Amino acid sequence: MEIDRAASGAVLKRERVRDAILELIEARRPGDAIPSERSLCARLGVSRPTLRAAVDELVVAGLLVREHGRGMFVAAEKITQELVQERSSFAVPRAGGVWTSRLLELRTLPAGARVGRRLRVSPAARIRYVARLRLVDGAPVAIEHLHIPADLVPDLTGEELEQGDLYEHFRDRHGVRVGEAVQSIEPTVVTRAEADLLEVPELSPALLFERLTTDTGDRPVEYVRSLYRGDRYRIVSRLRLGPAAVRPSPPEGHHPGIPPGDLTAGAPVTFSTRGVVQRNGG
C-alpha cells in the first residue's frame, strides 16, 4: 500500500508539536500557565490548526486545562496505580492522596440474573447494593457500585462504607476474609449523570473496572463496577525481564480499583484488559 506523504507528514508534525508542549508541561507544576497559542505557533513554526490539534489531544488526556479568557494551564497530577509482577502474582502498590467516600445509596434488593450469576446465587437472593462516590483530596475520582450477598453482611452500615477500610470491616465486624480478586479494565465514556457526579463534561473518557472478590474459601463476597475519571487516573505496568532487585515494602494507603484491605502481594490478583487475562505472572 502506498503511503500518503501529506497525511504522514501532518501526523509527524503534530507529534513533534505534542512532544514540545509535553516538555513545557513537564518543566512546570500543576496550575502553572503555558504560553499562548499564538506564541507557541511562532516558537514552533506551525499553523494554528496544527497546534490546536496537539493541544486538544493533551486536554482530552488530562494533561492540560483550557480556561476561557485566561489561557492554558498544566492540569493536576494524575493518580497512578502501578501493576508489578512479584512472587508469581500481581501486586498493586498503593496510590497517593487521601481517599474518602460519600455514600450515594444503600439498600437491599434481589440479585437479579446478571449479578446472581457473578455472585453464584439465585436471582431471588437478597444482596446489599451500594453506590458511593470516591474522592481523592476532596475531588471526585470514581463512582463505585457494590453488590454484596446480604447474608454475609446483614448489618452493614453507611458509616462502614464512608469511613475506614471496607475489607477490614468485612473481616473485623462480619467475619469475612477476602482472598482473591479477578478484575477487568476497559475504556469507556461517562453519561450525563455520571459526569455531574465526577464534575467532568459529558462523554469524557473514563476507565471501567469490574471486579469479583472471593473469600479464602473461594466464595464470592463482592461484585463491583467502578467508573474512574480518565483525566485523573492512569495505570502503569512494570514487567520484570531479569533478576529482581530487592525493593522496600510499599507505604500504607489505598488501592484504587481494588479497595484497601487484604488483597496484597501475598494474595494472587488477576487482571484482564479487553479480554487478555494476566494470572499469576502469566
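Ile185 belongs to strand β9, which covers residues 178–189. Strands (E, at least two residues) and helices (H or I, at least four) are DSSP runs, numbered from the N terminus. With a relative accessible area of 8%, Ile185 is buried; buried means under 20%, exposed over 50% and partly exposed in between, for a 1.4 Å probe and protein chains only. Leu207 is 22 residues away from Ile185 along the chain, and 6.6 Å separates their C-alpha atoms.

This is a predicted model, in which local features need pLDDT of at least 70 and side-chain atom pairs count only at pLDDT 80 or more, while totals for chains, interfaces and linings use all residues. Residues are numbered from 1 along each chain as its sequence is written, and side-chain values use heavy atoms, with hydrogens and water left out.

Two loop residues come next. Asp137 sits in the loop between β7 (126–136) and β8 (139–149). Its phi is near 55°, a positive value in a residue other than glycine. Asp137 counts as exposed, because its relative accessibility is 57%. Leu203 is in the loop that runs between α7 (192–198) and β10 (205–215). Phi of Leu203 is also positive, near 70°, and this residue is not glycine either. At 58% relative accessibility, Leu203 is exposed.

The helix pair is α2 and α3. Helix α2 (residues 37–44) packs against α3 at an angle of about 110°, and their axes lie 10 Å apart. Here axes are lines fitted to C-alpha atoms, for helices over the stretch in contact, and angles run from 0 to 180 degrees between N-to-C directions. The two helices are therefore roughly perpendicular, a term for angles of 65 to 115 degrees, with under 35 roughly parallel, over 145 roughly antiparallel and the rest oblique. The crossing of α2 past α3 is right-handed, meaning that the near helix is turned clockwise from the far one by less than a right angle.

On a 1 Å grid over the protein atoms alone, a pocket is an open set of points where a 1.4 Å probe fits, with protein on both sides within 12 Å along at least five of seven lines; lining residues have an atom within 4 Å of a point. Of the 19 lining residues, Val59, Val200, Pro201, Ser204 and Asp231 are the closest to the centre of the pocket. The elements giving two or more residues to the lining are α3 (48–60) and β2 (64–67), and β2 gives the most, with three.
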